[in-house]
Every structure is written in structure tokens, then in C-alpha cells.
Amino acid sequence: MKGRKLEELFFRVLMVLATILVAGSFFLIVGTVFFKGFHYMNLDMITKTPGGGFYIGKEGGVLNAIVGSFYVAGGATILGLLVSIPVAIFINLYMDGKRFLSNTIRMAFDVLFGIPSIVYGAFGFLIMVYFGIRASLLGGIIAVTLLVIPILVRTLDEVIRTVPFELRDAALSLGSTRWETAKVVLRQIRPGIFTAILLSFGRAIGDVASVLFTAGFSDNVPTSLHEPAATLPLAIFFQLGSPVEEVQGRGYASALILTIIVLIITILSDILIKKFSKHKI
Amino acid sequence: MNFRLLKDKILSKLMLVFTLASVSLLVIIGIGLYYKSIPIIHRLSWGELITSSIWKPLKGLFGFFPFIMGTLWVTAIAIIIALPLCLLTALYIVEYAPVRVKRILTPFVNLLSGIPPVIFGVWGVLFIIPLIQIYIAPHFVEFSTGYSVLAGGIVLAVMIFPLIVSIISEVLRTIPQELKDASLSLGATKWETIKKVILRKALPGIIAAAVLAISRAFGETIAVLMVCGNNAVVPHSVFDPGYPLPALIANNYGEMLSIPLYDSALMFAALLLFIIILLFNIISRVILARLERKLAA
């Protein structure tokens with residue numbers, strides 16, 4: 001009898017410890033990055049592009065990478081939305097009575113979601129070679145778009161599924177076409193679309209492996225789609241590989257910048273999701 | 001009126017094209033990578049590519065065995081660390097934690113999943129590497145730089161925490177309350193109920209979560225590359241450096257086009273990753289979909 005209680009207690013303690021470790025790892029990571037990066041953080045980091053001798057520890061910042069990352073992530077998210085909104089609508093509103101097929105398509109997107117970004121990067125590189133595009137902002141956007149499409153489709157699909165059937169039925173029974181019904185649904189899920197955008201943007205801005213071959217790297221802010229573009233994660237990776245202490249330090253500061261950007265995005269989307277589930281009918 | 005119907009029809013066809021195009025990406029990626037790996041497969045055959053340990057691109061020798069082993073080592077370490085911890089965490093969150101604690105915990109799992117891979121890499125370099133080099137390794141081996149498959153495994157484990165916790169929690173929530181009540185009313189303790197009822201019921205879901213996590217770990221690139229040591233030999237202990245497949249691709253893209261067959265070899269590495277991950281993903285998704293259907297029925 002006592003043994004059973006003891007076992008219960010033992011595992012309960014174990015569970016609490018595991019939970020503390022898992023949830024605590026977040027603080028450990030963010031704490032480490034803050035602790036190291038804060039020391040090297042200054043205004044130049046976010047307002048200047050690398051000056052001459054930046055990579056041996058002279059002055060400059062990573063503005064090129066910050067802007068490049070926003071361009072790549074923004075461009076990919078916009079392109080991704082153009083593809084995934086029609087797809088999500090099609091699965092949900094145009095495939096009535098074909099549940100097996102629509103579920104198979106859903107599963108295909110789940111599988112696409114699981115394909116690692118390095119494979120998208122390699123495939124994006126193949127596309128670029130095929131069309132004769134050099135490592136550039138455009139190449140980066142293409143590869144990252146492939147990466148975010150599954151995220152966008154999955155999120156939008158889930159959001160559309162929360163729209164009550166009655167709403168669609170009402171629209172259809174009033175004589176509207178499926179497309180007109182889709183417009184009603186789209187208006188309903190507007191906050192959900194923003195959530196999807198944030199999720200996709202957050203994933204896109206932090207990913208390295210997909211832009212590694214495709215976006216290239218440059219010390220300047222890109223002014224056209226055909227120029228190579230630096231990205232923040234790649235800048236972190238390069239700077240950390242430097243033997244110069246100052247440059248490594250800037251890598252930590254860049255890591256801090258990226259962490260802050262991503263945290264803001266994640267928290268915003270969390271708030272949006274909560275708001276969305278509160279107001280939906 | 002006709003115009004409205006026409007518009008609907010055209011748009012529906014357009015959306016169908018978009019849907020088919022993006023779904024067929026799965027096939028196109030596979031074909032594209034295979035097409036690019038044909039030169040090396042013809043030169044050296046699948047068997048030789050996978051089982052040979054000699055990696056000398058300049059001499060035209062491409063043996064992927066060390067890289068496959070590197071990938072297996074880090075993935076195995078990651079899943080061995082992560083699975084029990086995440087299972088316990090999910091059990092605590094779903095079965096024990098008061099609502100208030102639950103509300104505080106869930107955002108952190110979310111936030112953790114949002115952190116980019118490169119930040120995990122930075123953390124690995126700053127925290128895990130010194131930890132292994134100074135505190136862990138000296139107890140077991142004479143010398144280690146810290147850059148090892150163990151470091152890669154630990155960093156990967158933390159990266160897959162959110163994925164495993166969220167899937168297992170979802171699976172646990174699908175278990176009917178009546179089953180738990182029946183067990184508890186027969187006098188079983190909560191832990192006994194978990195052990196003999198809940199875990200048994202949730203087993204397929206837990207396996208699916210593990211398989212999905214393994215496939216995620218397989219393809220993770222930058223974080224592992226930063227802490228693994230990247231030495232093209234088969235690791236023999238957890239303190240040896242390793243060189244997983246994704247790291248190989250990422251590290252050598254620069255020289256890819258200057259050495260004959262090298263680009264083909266790297267695309268073959270990508271193809272290997274793609275095939276393995278595709279299979280694992282399909283397996284786990286099928287298991288999960290089946291669970292969902294059972295629940296709906």
C-alpha cells in the first residue's frame with residue numbers, strides 16, 4: 001500500500017522536474033543570448049551597414065542583414081499568401097463531398113511542412129540554376145516561399161474550419177456562388193489571416209538553411225530583386241565563425257536582435273489567436 | 001447572372017491549379033533532386049554511396065556512411081533525451097497541472113517553438129559546449145573540445161521539445177474521461193491510471209510524435225552544424241565529433257560547383273534526407289489521422 005503512494009509521489013516529482021526543465025529551457029536560451037548579446041549591443045548595430053574592416057572588428061552594424069531579412073521574409077510571405085489563400089479556400093469550400101481527397105491534400109501539406117528547410121534550399125537552388133537566376137533577393141524569396149506555403153495553408157485551413165457551417169449555408173442558400181461565399185468566409189477569418197502571416201513571417205525571418213544557397217550575402221542593402229541580400233541568421237552564423245572577438249561579439253548582438261524580433265512576432269500572434277477565439281461567432 | 005457563374009467557374013479552376021501545383025511540389029522536389037543525383041548514382045551505385053566511409057571529393061570518392069552515422073547519432077541522442085522529458089511534461093500539463101499553471105506553461109512551449117534554429121546554435125556554442133567540455137566530458141574521456149555529437153543531440157533535443165509536448169498533449173486530451181474515471185473508481189492511484197490506462201491508450205500517438213520528432217531532428221541543419229564538430233569520421237562515443245548530412249550540404253555549397261560530381265553528391269545527400277523524412281512523415285501522419293478518425297467515430 002505504501003509502495004503505491006511512494007511511486008505516485010516519485011513520478012509526480014519527476015513530472016514537475018521535467019516540466020521545469022522543458023519550460024525553463026526557454027529562459028535558459030533567451031537568457032544566455034541576452035546576457036552575451038547585451039554587452040555588445042549598440043545603436044550602430046541596427047542603424048549602420050558594415051563599414052570598411054567590419055570583419056576585422058572595425059565599425060559598422062548589421063542593418064544590411066536586418067533589412068535583407070525583412071525583404072526576404074516579407075516577400076516570401078506575400079507570395080505565399082497569394083498561393084495559399086486560394087488553396088485553403090479550395091480545400092474547404094470547393095471540395096464538398098470529397099472528404100477523402102481533401103484530407104489527403106491536407107496530409108500532403110502536413111508532410112510538406114515536415115520537409116526540412118535545407119531540402120527547400122537545395123531545391124530552390126536547382127530552380128535557380130534551371131532558370132539562370134544567381135544568388136539574389138529573388139532566389140531567397142523563391143526558396144523561402146516554398147518553405148512557408150505549407151505553414152500558411154495549414155494555418156488558414158484550420159482558421160477556415162472554425163467558421164460555422166451555417167454561415168456558408170446561409171450565404172449559399174441566398175443564391176450566392178461559391179466564390180461569393182468564399183468572400184464572406186474570408187471576411188470572417190481576417191484576424192486568422194494576420195495570425196498566419198505572423199507565423200509565416202516568424203519562421204521565414206529565422207531560417208538559414210533555405211537562404212544559404214539562394215540569397216547570397218552582401219554588405220549593402222539590396223536595391224533590386226537581382227542583387228544578393230544578406231539575412232540576419234546568416235550574418236549571425238558568419239560572425240560567430242570569425243576568430244576576431246569583436247566580430248563574434250557582434251554575432252551575439254545580432255542574435256539578440258533576431259531573438260527580440262522573433263519574440264515580438266510570436267507574442268503578437270499569440271495575442272491575436274486569443275482575440276480571435278474570443279470574438280468568433 | 002451568367003457572368004457570376006462564369007467567374008465562379010474560372011476561379012474554381014484557378015484554385016484547383018494552385019492546389020495541385022503546391023501539392024505536386026512533394027513529387028517535383030523528389031524528381032528534381034533525383035535528376036541531379038543521377039550522375040553520382042551512375043558512377044558509384046546506391047550501395048556504395050551509402051556504405052562507403054571514404055570521403056575524398058577531389059579524388060571522386062563519395063562515401064556517405066560517416067554522415068549517415070553522424071545524423072543517426074545526434075538524432076538518437078536527441079530523441080533519447082527529449083522523449084521521456086516531454087512525455088512527463090505532457091502528462092503533467094494534461095493530467096496534473098492546475099488550470100492556472102497550465103495557462104502559464106503553454107505560452108512558453110509556444111515561444112520555444114518560435115525561436116529560430118540559429119539562436120539554438122548560438123546557445124549551444126555559448127552554453128552546451130562549455131558545459132560538456134568543462135563539466136561533463138572530463139568524467140568520461142581524457143579530452144574533448146565539447147564540439148561533439150552529444151552537444152548536437154542536446155541542442156536538437158531542446159529544439160524538438162515543443163513539437164513532442166504539443167503532439168503528446170493533444171493525444172492525451174483525446175483519451176475519454178470515462179476510462180480514467182473507471183480506473184480511478186476501482187481504487188487505482190492517478191499514476192497507476194496513467195501507467196495502465198492512459199499510456200496504453202496513447203501509445204500509437206506517442207510513437208507518431210516520436211517519429212515526427214525524429215524526422216524533424218534529421219533535417220535540422222544550422223544549429224547542429226554549429227556544435228557538432230563536423231569531422232567526416234564515424235563517431236564512436238558521444239564525445240566524438242560527428243558530421244550529419246544537412247551540415248554537409250550547408251557547409252560545402254561554396255565549393256559545390258568547382259569540383260566535378262560534388263554538386264551531384266550534395267544533391268544526393270539532399271535526396272537521401274528527403275526520402276527518409278518523407279517516409280517518416282507519412283508514417284506518423286497516417287497514425288495520427290487514424291487516431292483522429294477513431295475519436296470522431
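Helices here are DSSP runs of H or I with at least four residues, numbered from the N terminus. On that basis, chain A of this predicted model reads α-α-α-α-α-α-α-α-α-α-α along the sequence, which comes to 11 helices and 0 strands. Its C-alpha atoms take up a box of roughly 70 × 70 × 35 Å along the principal axes. Of the 281 residues in chain A, 49% come out as buried. Once the contacts in chain A are limited to a separation of 6 or more, 75% of them link residues 24 or more positions apart.

Next comes the contact between the two chains, to which chain A brings 66 residues and chain B 74 residues. On the chain A side, helix H1 (residues 2-38) supplies the largest share, with 20 residues. Sorted by class, that side of chain A holds 47 nonpolar residues, alongside 10 polar and 9 charged ones.

As for nonpolar cores, the largest one runs to 189 residues, and B:Ala269 and B:Ala270 have the most contacts inside it. The top contributor to this core is helix H5 (residues 149-173) of chain B, which puts in 18 residues. Chain A has a part in it too: domain 1 (2-38) and domain 2 (47-279) of chain A each give the core at least three residues.

B:Ala270 deserves a separate mention. With its neighbours within four places in sequence set aside, B:Ala270 touches A:Ile118, A:Val119 and A:Ala122 in chain A, plus B:Leu33 and B:Ile249 in chain B.

Note on methods. Residues are numbered from 1 along each chain as its sequence is written. Chains are lettered from A and ligands numbered from 1 in the order in which they are written. This is a predicted model: local features need pLDDT of at least 70, side-chain atom pairs count only at pLDDT 80 or more; totals for chains, interfaces and linings use all residues. Helices (H or I, at least four residues) and strands (E, at least two) are DSSP runs, numbered from the N terminus. A residue is buried if 20 or more other C-beta atoms lie within 10 Å of its own, exposed if 12 or fewer, and partly exposed in between; C-beta atoms are placed from the backbone. Two residues are in contact if their C-beta atoms, placed from the backbone, lie within 7 Å. Ala, Val, Leu, Ile, Met, Phe, Trp, Tyr, Cys and Pro count as nonpolar, Asp, Glu, Lys and Arg as charged, and the others, Gly among them, as polar. A nonpolar core is a set of buried Ala, Val, Leu, Ile, Met, Phe, Trp, Tyr and Cys residues joined through C-beta atoms within 7 Å. Domain bounds come from an automatic or database domain assignment.
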